[in-house]
Amino acid sequence: MRLAPPISSRAAASIRSSVDVAFSSRSITGNFSWEDVFSMPQFDSSTEDSSSYLQGYFEKVKLCNRGSEKQYEFLPFVIEDQIVGFIHNGFAGRLRTFKDVFIFPKDKLYGSPFVDYVSLNPMLKTPEQRTIAVGNVIKCLGEEWIPGIRDELYPVTSSFGAPTFFSLERAAAPYFGIKAYGVHMNGYVEKNGQKHLWIGKRSQVKPTYPGMLDHLVAGGLPHGIDCQENLAKECEEEAGIPRSMCNGAIPVGAVSYMDIDGHRYKRDVLFCYDLKLPESFEPKNEDGEVESFKLIRITQVAEVIRKTEFFKPNCSLVIIDFLFRHGYIHPERLGYLDLLRSLRIGDCS
């Protein structure tokens with residue numbers, strides 16, 4: 001078994017060639033206004049190089065797919081002969097102190113660059129037992145090792161729809177490298193013959209990406225709830241969209257990415273939805289996580305993504321997918337197919 005799914009060589013080359021800028025030197029913050037968003041100039045073929053038009057999109061893909069060269073630092077996390085995650089060797093060292101929960105068999109069967117891999121004590125036979133035992137470890141590690149604990153559980157599984165081996169604290173998901181799933185919805189309006197997207201600006205008090213631009217509706221997929229039900233819940237909480245209206249959302253596919261940052265390994269799959277809204281609709285946030293909403297022409301949104309880092313990084317992938325599906329990115333653009341493939345670099349399973 002390989003350590004992780006390989007990145008398409010052509011897609012990876014296109015991404016690398018488009019990111020000569022050192023992203024580590026550019027901090028992602030929400031320190032901008034709606035005026036900055038609306039004043040973003042449109043693409044001008046007389047002053048901009050058409051051959052590099054897609055470069056800004058490739059850069060956003062790169063932001064979600066960092067650190068692939070560091071995969072060798074992670075041990076496979078194996079349960080019942082299935083790889084369910086990847087744990088950094090440094091973080092695994094901390095887990096070794098919990099001998100009644102974690103074991104480290106010495107076997108390279110699962111492609112580990114080390115002499116062992118991580119598993120759970122075989123005495124933990126049921127999902128419930130594993131959930132409790134690992135949950136207690138998370139509590140012991142606390143905010144020092146796993147910041148942002150939310151008391152929200154994610155399913156631990158080998159692939160979407162497969163049996164759940166146990167449930168894990170959401171904040172711990174990247175530290176165990178498990179697959180995490182979410183739903184993202186493009187809420188759009190047809191106005192004066194043009195498509196517009198409702199865009200939210202995240203609250204400044206959000207622990208992650210405060211003040212950044214976001215989808216009208218998006219959220220992680222917790223344990224015990226399906227995509228459609230989770231979307232309906234998020235629609236109501238984040239935008240005040242009633243279930244009767246949310247039922248019109250159309251599932252249109254998924255995007256995926258793999259991002260390594262220190263001890264964190266994010267392997268995310270985002271299920272994408274489109275919802276056409278009436279012109280009269282105005283969103284209203286109900287959970288305090290959104291500062292404000294604006295309805296923005298899709299061509300303007302495209303330029304904001306191409307030229308800035310105003311959007312929460314994974315939202316850019318979902319909107320780029322929307323641009324492909326609605327005909328705003330054309331096959332004549334250099335790198336069209338590589339960009340299309342790059343939206344699913346992660347293990348989309």
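Me: How many helices and strands does the chain have, and how are they assigned?

Reply: Helices (H or I, at least four residues) and strands (E, at least two) are DSSP runs, numbered from the N terminus, and on that basis the chain has 11 helices and 13 strands. This is a predicted model, in which local features need pLDDT of at least 70 and side-chain atom pairs count only at pLDDT 80 or more, while totals for chains, interfaces and linings use all residues. Residues are numbered from 1 along each chain as its sequence is written, and side-chain values use heavy atoms, with hydrogens and water left out.

Me: What percentage of the chain counts as buried, and what is the accessible surface?

Reply: A residue is buried under 20% relative accessible area, exposed over 50% and partly exposed in between (1.4 Å probe, protein chains only); of the 349 residues here, 53% count as buried. Areas come from the Shrake-Rupley method with a 1.4 Å probe, and for residues only the protein chains shown count as cover. The accessible surface of the chain comes to about 15,800 Å², with 51% of that belonging to carbon and sulfur atoms.

Me: Which share of the contacts joins residues at least 24 apart in sequence?

Reply: Contact means heavy atoms within 4.5 Å, and among contacts between residues at least 6 apart in sequence, 70% join residues at least 24 apart.

Me: How should I read the packing of helix H3 against helix H10?

Reply: Axes are lines fitted to C-alpha atoms, for helices over the stretch in contact, and angles run from 0 to 180 degrees between N-to-C directions. Helix H3 (residues 55–63) packs against helix H10 (residues 313–325) at an angle of about 140°, with the axes 9 Å apart. Angles under 35 degrees count as roughly parallel, over 145 as roughly antiparallel, 65 to 115 as roughly perpendicular and the rest as oblique, and H3 and H10 are therefore oblique to each other. A crossing is left-handed if the near helix is turned anticlockwise from the far one by less than a right angle, and right-handed if clockwise; H3 passes H10 in a left-handed crossing. On the H3 side the contact is made by Tyr57, Lys60 and Val61, and on the H10 side by Ser316, Leu317, Ile320 and Leu323. Ala, Val, Leu, Ile, Met, Phe, Trp, Tyr, Cys and Pro count as nonpolar, Asp, Glu, Lys and Arg as charged, and the others, Gly among them, as polar, which divides the residues of this contact into five nonpolar, one polar and one charged.

Me: Why do residues three or four places apart in an α-helix point the same way?

Reply: An α-helix has 3.6 residues a turn, so residues at that spacing point the same way. In H9, the residues that touch H10 are Ile298, Val301, Ala302 and Ile305, and they meet Ser316, Ile319, Ile320, Phe322 and Leu323 of H10. By class, this contact of H9 with H10 has eight nonpolar, one polar and no charged residues.

Me: At what angle does H3 pack against H9, and which residues meet?

Reply: H3 and helix H9 (residues 298–307) pack at an angle of about 65°, with their axes 7 Å apart, and their crossing is left-handed. Gly56, Tyr57 and Lys60 in H3 meet Ala302, Ile305 and Arg306 in H9, a contact of three nonpolar, one polar and two charged residues.

Me: Why is H3 described as largely enclosed?

Reply: Seven of the nine residues of H3 are buried, so H3 is largely enclosed by the rest of the structure; the buried ones are Gly56, Tyr57, Phe58, Glu59, Lys60, Val61 and Leu63.

Me: Where is Phe102, and is Phe102 buried or exposed?

Reply: Phe102 is found in strand E3 (residues 102–103) and counts as buried at 2% relative accessibility. Not counting residues up to four places away in sequence, Phe102 touches Leu95, Val118, Ser119, Leu120, Val134, Val137 and Phe176.
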